[in-house]
Structure formats: structure tokens, C-alpha cells
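Dear colleague,

Please find below the structure that I am handing over to you, together with its sequence. My notes on what was found in it follow directly after.

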Amino acid sequence: MMNRALSIRSNKGGSSSTAGGGSSAGGGTSGGGHGGGRKGFSFASLRGSIQPELSRRLYRLIKSTNTLVTAHEAAGRERVAIATQLSEWGEQTRDEAVSDVSDKVGVILSEIGEQEDSYAHGLDEARERLKAIRNTERSVQPSRDGRDRIADEIQRLKLREPQSPRLVVLEQELVRAEAENLVAEAQLTNITRKKLKEAYEVEFAATIERAEKQVLLAKHGRRLLALLDDEPVTPGDARRTYTHAAQGRQILNDAEDDLKSWVLQLDETTVPTGAEDDSGELSTATAAAPSGPHSHSHSHADDSRRREKSAEGSTAAVSGPS
């Protein structure tokens with residue numbers, strides 16, 4: 001919620017710690033980069049090596065996604081730290097216009113950084129869906145191994161002792177093992193399709209949310225920049241008095257209102273049914289957008305028109321005589 005303030009300087013103690021935390025996070029990242037080429041032994045690498053063959057690839061994918069989540073969280077912290085530094089720099093310029101605009105732009109940049117953190121949460125939620133597939137793959141692997149082991153033992157016994165009475169017992173065990181494996185494989189394919197779809201629906205929804213909110217914030221940031229008079233002055237002349245502080249506060253209020261009223265819009269998708277119509281083309285069925293917290297639709301046409309009029313008014317006020 002716009003960092004709960006109209007100024008990023010309103011809590012310098014917290015801002016400084018945030019900036020320091022962001023810088024240290026960045027330093028840690030760069031420090032890790034120097035040793036990135038070395039892959040020594042670790043408990044993580046041990047866990048990866050002992051994964052069942054069936055779930056090993058998905059284990060690596062989930063682990064890589066966790067790295068991506070961490071990277072976006074770090075990017076968000078760095079963005080907030082940069083916003084704080086911009087605000088503090090503007091304050092020490094002793095230029096009232098630069099000080100006010102840089103502070104308010106810092107609020108916008110900080111909120112853009114918060115969207116990275118929200119996006120990271122979406123990625124982590126999608127990752128949890130993939131874990132359900134991985135766990136099911138783990139449970140299916142012993143069933144496959146048991147079936148294959150019995151089948152191999154039957155083949156060996158047929159070569160050595162074709163008349164062995166144990167063959168009958170093993171074949172009965174194989175029938176039971178195949179039946180158990182059939183159930184496990186059906187469960188795996190059901191869960192795989194369901195959770196794969198859920199995982200990337202969550203990720204794509206988070207991607208759309210981050211993109212649309214950051215575009216929204218960037219547009220309000222440009223409105224703030226329009227308040228800054230950058231016309232050159234000749235030496236000895238005084239600049240016009242900065243009188244747009246109230247307009248700047250209103251722009252931040254508008255941005256906060258837009259974030260509060262924003263709701264994800266998901267277009268309906270068409271799913272091929274596999275049947276051909278009279279023209280020989282595959283017919284399609286309309287699939288409803290997924291239900292959940294992001295499934296509502298919302299139009300911002302009125303808000304957009306209001307913002308455009310306000311932006312025109314701000315630009316006119318800046319370009320007009322003081």
C-alpha cells in the first residue's frame with residue numbers, strides 16, 4: 001500500500017536498515033558469483049543424487065525455481081534500497097523541486113520493488129504445486145521397481161529352471177504387482193495433469209499481476225516527473241517557485257487507489273475438443289477462467305480517463321506561467 005506513506009523519508013531508521021540490508025544482499029549475491037563455478041559436496045547435492053530416477057528431473061526444476069524465487073526477492077530489496085538512496089540524495093541537493101519529486105518517485109520505485117516480492121510469492125506457490133507431482137513420482141517409483149524386479153526374476157528362472165514350481169508363484173506376484181502399478185500410474189497421470197495446470201496458472205497470473213501493476217506505477221511515476229521544470233536558466237536568473245507538492249501527493253494517492261482497485265482479468269481460453277466440424281476444422285470448447293482470488297474481472301476505463309485528464313492538467317500547470 002504505497003509503503004504506507006507519501007514520503008519514503010518518513011521512516012529514516014527503517015529505510016536505512018532496508019538500504020543496508022539490500023546492499024548486503026547484493027554484496028552477497030556478487031560474492032557468491034565468484035564461487036559460482038565451483039560445485040562442491042553439500043547436503044543439497046546429496047539429496048539430488050539420491051532422488052528416485054522418476055522424480056530426479058522435477059526435483060532439479062523445483063530447486064532451480066527456488067533459486068529464481070530468491071533472486072526476485074533480492075531484486076525487490078535492491079529496488080527498495082535504491083528508492084531510499086534516491087530520496088536521500090534529492091534531499092541533500094537543497095533544490096525544493098528535486099527534493100520533492102525524487103522523494104515521491106522513490107515511493108513509486110519502492111512500490112515497484114514490492115511487486116517483485118509479491119511475484120516471488122506467486123512463484124513459490126506454483127513451486128508447491130509441482131512438489132505434489134514430485135512426491136507422487138517418488139511413491140510410484142517403488143511400484144515400478146517391484147514390478148520390473150519380479151518380471152526380471154521370472155525371465156531368469158525360465159532360462160535356468162523352466163519347470164520350476166516357483167514360476168507359478170512369481171507370475172501371481174507379477175499380476176498383483178502390475179495391478180498395483182496400474183493404480184499408481186493412473187494416480188500419477190491424474191495428479192501430474194492437474195498440478196501442472198494449477199502451477200503454471202498461478203505463475204502466469206502472478207506474472208500478469210506484476211506486469212500490470214508495475215506498468216500502472218510507472219505511468220504514475222511519469223506523471224510525477226512532469227511536475228519537474230527542467231527548462232534551462234541563465235546564470236543569475238531565479239527558477240520559478242516550485243508549487244506542485246500538493247499535486248505530487250495527489251498522484252501518489254491516485255497510484256494507491258489504483259493498486260487497491262486493481263483486479264486480475266483472465267481471458268477465457270478455448271480447448272480443442274478433438275472433433276471436426278463440417279468445415280473440417282477442429283471444434284473448440286470454451287474453458288472458464290480458473291477460480292480463486294485472481295479470477296475476478298474489472299474495468300479501469302473510468303480510472304484511466306480520469307488519470308489522463310489529471311495528467312494533462314499537471315502538464316499544463318507545469319508548462320504554464322507561474
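The structure holds 1 aromatic pair, where two rings of Phe, Tyr or Trp (for Trp, its six-membered ring) count as a pair if their centres lie within 6.5 Å. The partners are tyrosine 200 and phenylalanine 204, with 6.2 Å from centre to centre and 45° between the planes, a tilted arrangement. On this scale, planes under 30 degrees apart are stacked, those over 60 are edge-to-face and the rest are tilted. Both tyrosine 200 and phenylalanine 204 belong to helix α5, where they are 4 residues apart, about one turn of the helix. Tyrosine 200 has a relative accessible area of 27% and is therefore partly exposed, whereas phenylalanine 204, at 52%, is exposed. Here buried means under 20% relative accessible area, exposed means over 50% and partly exposed lies in between, with a 1.4 Å probe and protein chains only.

Please note that this is a predicted model, in which local features need pLDDT of at least 70 and side-chain atom pairs count only at pLDDT 80 or more, while totals for chains, interfaces and linings use all residues. Residues are numbered from 1 along each chain as its sequence is written, and side-chain values use heavy atoms, with hydrogens and water left out.

As to the overall layout, the protein has 7 helices and 2 strands. Their order from the N terminus is α-α-α-α-α-α-β-β-α. Helices (H or I, at least four residues) and strands (E, at least two) are DSSP runs, numbered from the N terminus. Of the 322 residues, 32% count as buried.

Helices α3 (residues 53–92) and α4 (residues 96–160) have axes that come within 8 Å and cross at roughly 170°. The axes are lines fitted to C-alpha atoms, for helices over the stretch in contact, and the angles run from 0 to 180 degrees between N-to-C directions. The two helices α3 and α4 are therefore roughly antiparallel to each other; the classes are roughly parallel under 35 degrees, roughly antiparallel over 145, roughly perpendicular from 65 to 115 and oblique for the rest. By class, 21 nonpolar, 13 polar and 15 charged residues make up the contact of α3 with α4. In this count Ala, Val, Leu, Ile, Met, Phe, Trp, Tyr, Cys and Pro are nonpolar, Asp, Glu, Lys and Arg are charged, and the others, Gly among them, are polar.

The loop between α3 and α4 contains arginine 94. Arginine 94 is not a glycine, yet has a positive phi of about 60°. Most residues other than glycine have a negative phi. With 83% relative accessibility, arginine 94 counts as exposed.

How many salt bridges does a search of the whole structure find? The search gives 15, a salt bridge being a side-chain nitrogen of Lys or Arg within 4 Å of a carboxyl oxygen of Asp or Glu. One of them joins arginine 147 to aspartate 148, with 3.2 Å between the closest N and O atoms. Arginine 147 is partly exposed at 24% relative accessibility, and aspartate 148 is partly exposed at 35%.

In helix α6 (residues 245–261), lysine 260 and glutamate 256 are 4 residues apart, about one turn of the helix. Their salt bridge has its closest N and O atoms 3.8 Å apart. Lysine 260 counts as exposed at 56% relative accessibility, but glutamate 256 counts as buried at 15%. Elsewhere, salt bridges that share partners link Glu125, Arg129, Lys194, Lys195 and Glu198 into one network. Within helix α5 (residues 166–225), lysine 195 and glutamate 198 are 3 residues apart and thus separated by about one helical turn; their side chains meet in a salt bridge at 3.3 Å, N to O.

Helix α5 is also the place of alanine 179, which is partly exposed with a relative accessible area of 43%. Alanine 179 and arginine 147 are 32 residues apart in sequence, and their C-alpha atoms are 9.5 Å apart in space.

Finally, the unreviewed UniProt entry lists residues 167–194 as "coiled-coil region". UniProt positions are given in the numbering used here, feature names are shortened, and annotations may be inferred rather than shown by experiment. In the model, residues 167–194 are 100% helix and 0% strand, with their end C-alpha atoms 40 Å apart.

With kind regards
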